[in-house]
Amino acid sequence: MTLTLSERQREYWRKNLRITAVLMVIWFLVTFGVGYFARDLNFTFFGWPFSFWVGGQGALIIYVLMIWYYARTMNRLDQEFGVAEGE
Amino acid sequence: MASIFAAGESGNAAADHAAFKKQLNKVYGWYIGGFIIFVIVLGLLEQMGLPRSWIGIIFLLATIGLYAGIGIMSRTTEAAEYYVAGRRVPAMYNGMATGADWMSAASFIGMAGTLYLTGYGGLAFIMGWTGGYCLVAFFLAPYLRKFGQFTIPDFLGARYEGNLPRLIGIFAAILCSFTYVVAQIVGVGIITARLTGLAFEIGVFLGLAGILVCSFLGGMRAVTWTQVAQYIILIIAYMIPVIWLGVQQSGMPIPQLAYGHKLQTISQIEEKLINDPKEKEVQAIFKARADELSAKLKDVPAALAADKAAAQKRVADLKAANAPAAEVQAAEAALAAVPANAEDATRAWTAARTDNTARARPLGGMPRHAQQFAGNPDGDAAAQKTFNESRRNFLALIFCLMVGTAALPHILVRYYTTPSVKEARDSVTWSLFFIFLLYFTAPALAVLVKFEMFNFVVGTPFANLPAWVANWQQVDPTLLSVTDVNKDGILQLGEIKIGGDIIVLATPEIGGLPYVISGLVAAGGLAAALSTADGLLLTIANALSHDLYYKMIDPNATTSRRVGVSKALLLVVALAAAYVASLKPADILFLVSAAFSFAAAAFFPALTLGIFWKRANKWGAVVGMIGGLAITFYYMATTQPWLRGLFGVTSPIAENTWWAIQPISAGLFGVPIGFFLIIVVSLLTGAPRQDTQDLVEHVRYPNLKAA
């Protein structure tokens, strides 16, 4: 049996890839971008040197928010494109 | 009672799931309340004079008994229950279980200590061990859940058409998990010994019993529900002392939000300490001792003979002078401590020289807490080189820890246990949230303790030191020891020798909390070690029983036989791990961090390309996994001192390193090579079968109906 996907199903996967790519860019900038320029990003941020705060808290908060956003968006996309479970 | 963790069977899945969740909320709500009352009662008993050793034993028995109770209630012989907890663990509870599965004894006890000792550099662990969950969420968890089998080698076997990729998966899963589980059992032994005063070896086997009662009877089902219980204990245990210390220092119950100002104070004090003449005096003494040892190491036999003659002469002189017996005994002990031969002397003196050289540096060898990387980008060539290498290794370590996190089989299988793809996605959010709670607290704790140390311990006369300093020096001098090196009666930072684990263990005492909270912290460390060990043991036993035995040796085995084999193997693996742990292998910490590089190189490229690139095929995966592992292993074997000794590598380390990367980050080379090999070899060989390509499409959609 050969599986053929409808245009709408392909569109779902393309959207998924696009969302994933955008989130990975943010992930990269927060982790390795701030990490690489840590010495330069040394201005005071609520008492912390900025890059220290990002490493100890800021990056972690952004990671949690990104995963939360991804789950919420994909769960909605499932519904919108008729690929949710139980349909 | 056995039905607490079993769902109803009315036939309506959604209603059953909602009822099951409600029931779980009730059970764990009572559990949290009960646990808090238990701690309060113990606190009251302590006030009434219950001895400390009793509190330790009660904590140990009560928590292990509790886990055993959950294990017995969750016993099962059904395959889906045993391997994936019946696939009905709600997202939030799976998040807690993953949190406990993930956070090991090293995270709980060691993390804050690492941050205390290394400052900004230690944040690589904080970012690496949380950011990896982004990769889990975006690339793996929902797709593996849709695939919906039992293990990670299962996926490799199905996606890459055959038993060879599965076999490599089994090998890699065991390689990563076994060293890791040994480290957890060592942790269990140390904590048990500390709680009860029993010997380390007895602690190991007591802890082993605690691990087995959870996993043996009920497999993943029992492990899941004990891990939830263990998460609750470990997070309460971690938070209470930190909140208390925060309130004490600045009246602020959430110190995580305000420790930036403490960090500024620490930086100012560091500046003062670096220029302090008394600190320099102490450093000079250590430098002189190191130089003296260097001189002795130039001609070991002569120096040894001189040492021996001097010690003998002292004994003879004291005896001749009719000195007090105690003095004579001390001199005889000193004579006995002189190394027996040149080889021993070389080893002992080299170690002592390393130790003294380290302590001859400013701030007791610690970098400035807030300083990003060593060296100086605007300094001379050497300073620039140090800076670049330090930064490169920091980023490389983050990369390996992140990719390794997203490739450790015992974490990935947790996402098989949720009821749906949707819940698997939500579950990663919960997992990282629960892990985040501890990881964003650890850097705050490190700063709070350093603030306390710099303000109330360093610069204090020896006679007025806080009581906890003397207590810990007595309990375990490897964790904390202070000696008046320059004999000025005042404690300098350079005179403190500190082991990282003390930061978490001593926090209750530093904050002046009763002993019951120290017991609680130890119980939290025990929960962290036991929960991780459970998940790892199950992964190893299932790789052997499900993948090797059932899928490759006897595909006709009945369900009960499969589960039976799994349980038998669990016992064997657990005993083997406990045996290795009882030998106290010295380089276990390195092996644990190495596990991340191995997992990253072996699994991550094959798993992600298997989902995102239909063209990836069997031979690509086989070559890529072996190649990635082999490069990682080769790099470690040629650059890590212990492995070099094992394999007899003698060429200088500096010649073998690539871009000065530390062996712990060997995955930095293994991962890209794994990706490269899978892509090239796949393109050189044929496309996968049509049904395999259809499987990939099915995995990508939560529910794919034919168009």
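In the predicted model, the secondary structure of chain B consists of 28 helices and two strands. The radius of gyration of chain B is 28 Å, close to the 27 Å given by the globule rule for 707 residues, so chain B is as compact as a globular protein of that length. The C-alpha trace of chain B extends over about 95 × 65 × 50 Å along its principal axes. Of the 707 residues of chain B, 50% count as buried. Among contacts in chain B with a separation of 6 or more, 81% are accounted for by residues 24 or more positions apart.

Chain B is divided into domain 1 (1–261 + 402–462 + 474–581), domain 2 (274–392) and domain 3 (586–707). The centres of domain 2 and domain 3 of chain B, taken over C-alpha atoms, are separated by 42 Å.

Contacts between the two chains involve 45 residues of chain B and 43 residues of chain A. On the side of chain B that touches chain A, at least two residues each are supplied by helix H6 (123–147), helix H10 (259–275), helix H15 (381–405), helix H17 (421–439) and helix H28 (690–700) of chain B. H17(B) gives the most to this side, with ten residues. By residue class, the side of chain B that touches chain A divides into 28 nonpolar, ten polar and seven charged residues.

Helix H2 (residues 52–73) of chain B has 22 residues, which at 1.5 Å a residue should span 32 Å; its end C-alpha atoms are 32 Å apart, in agreement with that expectation. The buried residues of H2(B) are B:Ile55, B:Gly56, B:Phe59, B:Leu60, B:Thr63, B:Ile64, B:Tyr67, B:Ile70 and B:Gly71. These residues cover an arc of only 140° around the axis, which puts them on the same side of H2(B). On the other side of H2(B), B:Ser53 and B:Gly65 are exposed. The packing partners of the buried residues of H2(B) are helix H1 (13–47), helix H8 (163–196), helix H9 (200–250) and helix H21 (515–553) of chain B.

Helix H11 (residues 277–298) of chain B also has 22 residues, and the distance from its first C-alpha to its last is 31 Å, close to the 32 Å expected at 1.5 Å a residue. Within H11(B), B:Glu279, B:Val282, B:Gln283, B:Phe286 and B:Leu293 are buried. Viewed down the axis of H11(B), its buried residues fall within an arc of 95°, so they line one face of the helix. The face turned away from the buried side of H11(B) carries the exposed residues B:Pro277, B:Ala288, B:Ala295 and B:Lys298. The buried residues of H11(B) pack against H10 and helix H14 (342–359) of chain B.

With 9 other C-beta atoms within 10 Å, B:Lys487 is exposed, the limit for exposure being 12 or fewer.

Terms used: Residues are numbered from 1 along each chain as its sequence is written. Chains are lettered from A and ligands numbered from 1 in the order in which they are written. This is a predicted model: local features need pLDDT of at least 70, side-chain atom pairs count only at pLDDT 80 or more; totals for chains, interfaces and linings use all residues. Helices (H or I, at least four residues) and strands (E, at least two) are DSSP runs, numbered from the N terminus. The expected span of a helix is 1.5 Å times one less than its number of residues. A residue is buried if 20 or more other C-beta atoms lie within 10 Å of its own, exposed if 12 or fewer, and partly exposed in between; C-beta atoms are placed from the backbone. The arc is that of the directions from the helix axis to the C-beta atoms. Two residues are in contact if their C-beta atoms, placed from the backbone, lie within 7 Å. Ala, Val, Leu, Ile, Met, Phe, Trp, Tyr, Cys and Pro count as nonpolar, Asp, Glu, Lys and Arg as charged, and the others, Gly among them, as polar. Domain bounds come from an automatic or database domain assignment. The radius of gyration is taken over C-alpha atoms; the globule rule is 2.2 Å times the number of residues to the power 0.38.
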